[in-house]
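Here are my notes on this one, as promised. Have a look at the model, then go through the points below.

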Amino acid sequence: MKKLNSIILVILSVVLFSCSKEDESSDLPTETIKIEDDLKINFADLTAVTIEGEAKVDAGGNFSTNTTNTVAENLPLLFIKDNEIMFGYYSKTGLNNSISTNDILLFYFTLHPEIALQGFQNTELLTKIEQHPKYDELKSLIKTSLNANTSPFKNTSFVSLLNKTGLEIGIAKRQAKQSKISKTLADTFKFSYTRNGTVEWNKKFPLYATVGMEVVDAATGVSVSGPQIFDNQGLVFSISSAAEWIYDYFTTENSENIRAFKFPKEGKYELRFTNGIDNFGTKALEEKVDLINRYNIGVNILSFAMPVGIKKLLVKNDCRDATIDIFKNMKLSASTFVITDELARDKFVYNLAKDAYAVSVKCIPSFEKKYLDFIENITSTYLNKLEEASTLYLLLRDYAFSDIKGKETRNYYDGISFGELQLTNTTGMQFITPTGTEFSGQAKSEHTYTASVNETTFKYSINTSLIGQSTITLDPASKEYAIGLPFEVNKINSGDSTLKGNKIIPTSIEGKLAATFVMGTQETKFEIKPAFKNSGLSSEYVNLKIIDSISIYKQAFKGKWKVRYFDGVNGIERFWDLELFEDGTGIVKNPDPNVTLGYVKYPMRWNISGNGPYYYNESGWWNFQFGFKVTYPVIKYTVESGDGKPATTLNPTCGSCINKYITEYTKN
């Protein structure tokens with residue numbers, strides 16, 4: 001983080017006019033100002049100033065000076081009284097210009113730094129001014145001052161309203177440009193990955209400061225992607241804006257930033273991003289992010305120092321190179337003032353713009369400098385406030401006063417890109433044993449192992465506030481479906497059970513892994529593992545045991561059972577506890593509240609018979625032979641008889657009884 005001690009911003013903005021001195025002997029045409037509305041201006045007190053010369057204005061509004069280049073470059077004509085701009089306007093076709101209050105108001109607004117930064121066409125800007133709720137009040141204040149032969153800038157009410165209204169119009173255009181790029185202003189950020197080793201990211205990072213990123217080899221600390229720069233959300237230049245021209249003028253690098261990168265070889269990689277925090281990224285990344293943020297600050301500062309005339313005046317490469325050198329060597333550390341301190345931040349911008357202007361005009365011929373001096377005097381005196389929500393305020397907040405950084409790790413092995421993985425066996429608890437998943441069944445029966453595979457993902461929330469700084473937080477690590485991860489299934493003993501389908505099985509779009517096995521005639525063991533190394537996951541094991549003998553079913557049935565009996569004909573439901581022993585005997589516990597133990601024991605016998613299919617048989621309890629067909633797994637069996645129809649003929653006294661008998665055996 002840049003320590004909040006002092007901000008030293010020396011931004012050299014190079015301005016150069018094509019010097020053309022006035023030929024005093026030449027015959028210059030006479031221009032005449034015709035005032036519309038009810039303005040009463042004392043022309044005799046004024047001097048007309050262009051980038052090529054100056055001339056006194058007579059009482060009739062006539063003056064003779066060269067306006068050719070000024071008009072051609074769409075620069076305003078300035079009218080000076082007592083060495084300060086009284087008003088100005090953008091010349092119209094012909095020598096005789098009819099000037100209205102709107103023309104003068106338009107000129108004042110073009111000096112506003114946020115207006116200059118956003119790049120309005122004059123016709124567009126005038127429409128926005130006329131549509132603003134304070135339009136009539138602004139016109140009234142101008143008329144009052146000019147009719148009193150006083151500059152409106154001497155009226156604090158006008159200056160305050162101009163600053164506020166200009167900021168609102170500028171912000172509205174900035175937000176409109178942002179919405180054209182993205183329908184929603186995102187406040188989150190994340191990297192996206194493909195399995196083939198490609199990482200992708202959004203073009204724009206939701207901050208006003210510039211943020212850069214890189215892909216670094218975790219083993220060596222070397223950047224393999226080189227510095228990559230996100231677009232910031234603040235400087236969305238208009239094609240016609242002077243700000244865009246300045247940025248392109250000073251930015252000599254022509255490299256295109258990429259939006260995706262493929263890992264060049266196997267290994268572990270770190271993805272880092274930063275707004276220029278010292279020593280967080282590689283030296284190359286830090287330098288590039290810092291330099292571009294300096295360019296951005298420079299563009300903003302130049303909109304304070306020289307809101308008009310920049311395209312015309314910045315023309316010499318030697319001046320540009322000197323400015324770039326200043327940008328590269330500029331020191332920027334957090335200031336001793338709090339950014340929410342209005343007086344302190346206004347002083348900061350005032351001094352910074354003054355310093356930038358003082359260096360800039362060293363490259364400008366004397367008369368062009370005089371033209372700019374009049375404009376700079378107005379902007380530095382009346383329009384240099386660093387308003388909250390202005391682009392420069394938000395840029396400084398997100399750069400000098402905020403610590404934005406993040407890092408996450410990605411693996412790339414055997415052609416597969418993956419993050420931190422988690423696997424959960426979802427086959428069913430009854431099949432899970434200490435040694436793995438175990439299926440039992442008859443030959444040719446099918447059994448499916450299932451698992452859910454998830455992958456940890458990272459999403460960052462960017463929290464912006466006008467109060468001091470922006471912050472970034474890592475949302476709690478979430479687990480998303482691990483889609484398209486290949487797993488391989490291998491037999492690891494000599495059994496003859498088989499895998500149904502291919503041995504390489506990818507996870508589904510829901511992160512599901514499923515492997516179906518066909519039972520053979522011998523016990524078989526399979527291993528399921530990722531088809532790539534360094535996954536961080538342990539192997540899963542599946543055992544298949546053939547059930548083809550009485551002894552296997554006998555071992556499965558041995559133990560404790562719950563028995564429920566329902567006699568639908570008589571409307572009776574009973575419950576017993578049953579325990580089967582290996583020697584073919586058993587005990588039935590019949591609940592009886594009339595005895596001390598609460599139940600009565602009955603002996604019984606049981607066995608398994610058959611040769612596929614197999615049957616469970618019992619006797620001695622009910623005093624008759626009872627049995628049913630059994631299948632694996634040995635968990636629960638239900639035996640039903642009767643047609644389920646009303647049992648009125650069997651039991652005339654029970655109107656709700658049905659002809660159904662149900663016996664349920666459930667193993668504990």
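1. D414 counts as partly exposed because its relative accessibility is 37%; buried here means under 20% relative accessible area, exposed over 50%, and partly exposed in between (1.4 Å probe, protein chains only). D414 sits in the loop between β17 (405-413) and β18 (416-418), and its phi is near 50°, a positive value in a residue other than glycine. Most residues other than glycine have a negative phi.

2. A word on what you're looking at: this is a predicted model, where local features need pLDDT of at least 70 and side-chain atom pairs count only at pLDDT 80 or more, while totals for chains, interfaces and linings use all residues. Residues are numbered from 1 along each chain as its sequence is written, and side-chain values use heavy atoms, with hydrogens and water left out.

3. N534 also has a positive phi, about 60°, although it is not a glycine. You'll find N534 in the loop between β30 (524-530) and β31 (540-546), and it is partly exposed, with a relative accessible area of 49%. Helices (H or I, at least four residues) and strands (E, at least two) are DSSP runs, numbered from the N terminus.

4. Now helix α8 (residues 283-305): is it enclosed or open? Of its 23 residues, 20 are buried, so α8 is largely enclosed by the rest of the structure. The end C-alpha atoms of α8 are 32 Å apart, which agrees with the 33 Å that its 23 residues should span at 1.5 Å a residue (the expected span is 1.5 Å times one less than the number of residues).
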